[in-house]
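Dear colleague,

I am passing a structure on to you, and below it you will find an account of what turned up when I went through it. Please keep the display open while you read.

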Amino acid sequence: MGTLASGLRPIAAKLAAAPRVYVDANLPLPIVSAMRHELGWDVLFVLEHDELRRAADARHFERAREFGRTLITLDHDFFDDRAFPPADSPGVVVCTA
């Protein structure tokens, strides 16, 4: 038996016409705002969720996977394929500024 998130993931993916992303606390709010308003993306921004604000990297990776969202971050720790296997997630985009 799966979780609610795993059960809803296929339905949400069919309904969403735009990318579904999970943005960690490292990205500045203006970028998150541009993703939402200029690009029309479906953005889950961790700073808007008290239980995720200070979560560890592993927790963010797991939650993004559970929600079927691509993780977007500035955190280069996510380059570690042993800790964050690409095959275990919908994707991780590590940005640099």
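**Salt bridges, sheet and rings**

The structure holds 6 salt bridges, and please bear in mind throughout that the model is a predicted one. As background, side chains that carry opposite charges can pair when their charged atoms come close to each other.

One of these salt bridges joins the side chains of Glu48 and Arg36, with 2.7 Å from N to O. This pair links distant parts of the chain, since Glu48 sits in the loop between strand 2 (42–45) and helix 3 (57–67), while Arg36 belongs to helix 2 (residues 29–37), and the two are 12 residues apart. Glu48 is partly exposed, with a relative accessible area of 44%, and Arg36 is also partly exposed, at 26%.

A further salt bridge brings together the side chains of Arg69 and Asp42, at 3.0 Å from N to O. Arg69 is found in the loop between helix 3 and strand 3 (70–73) and Asp42 in strand 2, so this contact ties together parts of the chain that lie 27 residues apart in sequence. Are these two residues buried or exposed? Arg69 has a relative accessibility of 9% and therefore counts as buried, whereas Asp42, with 31%, counts as partly exposed. The pair also belongs to a network of salt bridges, in which Arg20, Asp42 and Arg69 are linked.

Arg82 and Asp80 form a salt bridge as well, and here the closest N and O atoms are 3.8 Å apart. Arg82 is exposed, with a relative accessible area of 76%, while Asp80 is partly exposed, with 30%.

Next comes the sheet. As a general point, the strands of a sheet pair through backbone hydrogen bonds, and they can do this in either a parallel or an antiparallel way. In this model, 4 strands form an open sheet in the order 2-1-3-4, and the pairing is parallel. Strand 2 and strand 4 (92–94) are the edge strands, each of which pairs on one side only. On average, neighbouring strands of this sheet are turned by 25° against each other, with direction ignored.

Within the sheet, strand 1 (residues 20–23) and strand 3 run parallel and are joined by 3 bridges.

Helix 3 lies across strand 1, strand 2, strand 3 and strand 4, running at about 165° to strand 1.

Finally, there are the aromatic rings. A search of the whole structure finds 2 aromatic pairs. Phe78 and Phe84 form a pair that is tilted, with 4.5 Å from centre to centre and 40° between the planes. Phe78 is buried, with a relative accessible area of 4%, and Phe84 is buried too, with 8%; both values fall under the 20% that sets the limit for a buried residue. Ring pairs link Phe61, Phe78 and Phe84 into a cluster.

Note on methods: Residues are numbered from 1 along each chain as its sequence is written. This is a predicted model: local features need pLDDT of at least 70, side-chain atom pairs count only at pLDDT 80 or more; totals for chains, interfaces and linings use all residues. Side-chain values use heavy atoms; hydrogens and water are left out. A salt bridge is a side-chain nitrogen of Lys or Arg within 4 Å of a carboxyl oxygen of Asp or Glu. Buried means under 20% relative accessible area, exposed over 50%, partly exposed in between (1.4 Å probe, protein chains only). Two strands pair if DSSP finds at least two bridges between them. Axes are lines fitted to C-alpha atoms, for helices over the stretch in contact, and angles run from 0 to 180 degrees between N-to-C directions. Contact means heavy atoms within 4.5 Å. Rings of Phe, Tyr and Trp (its six-membered ring) pair if their centres lie within 6.5 Å; planes under 30 degrees apart count as stacked, over 60 as edge-to-face and the rest as tilted.
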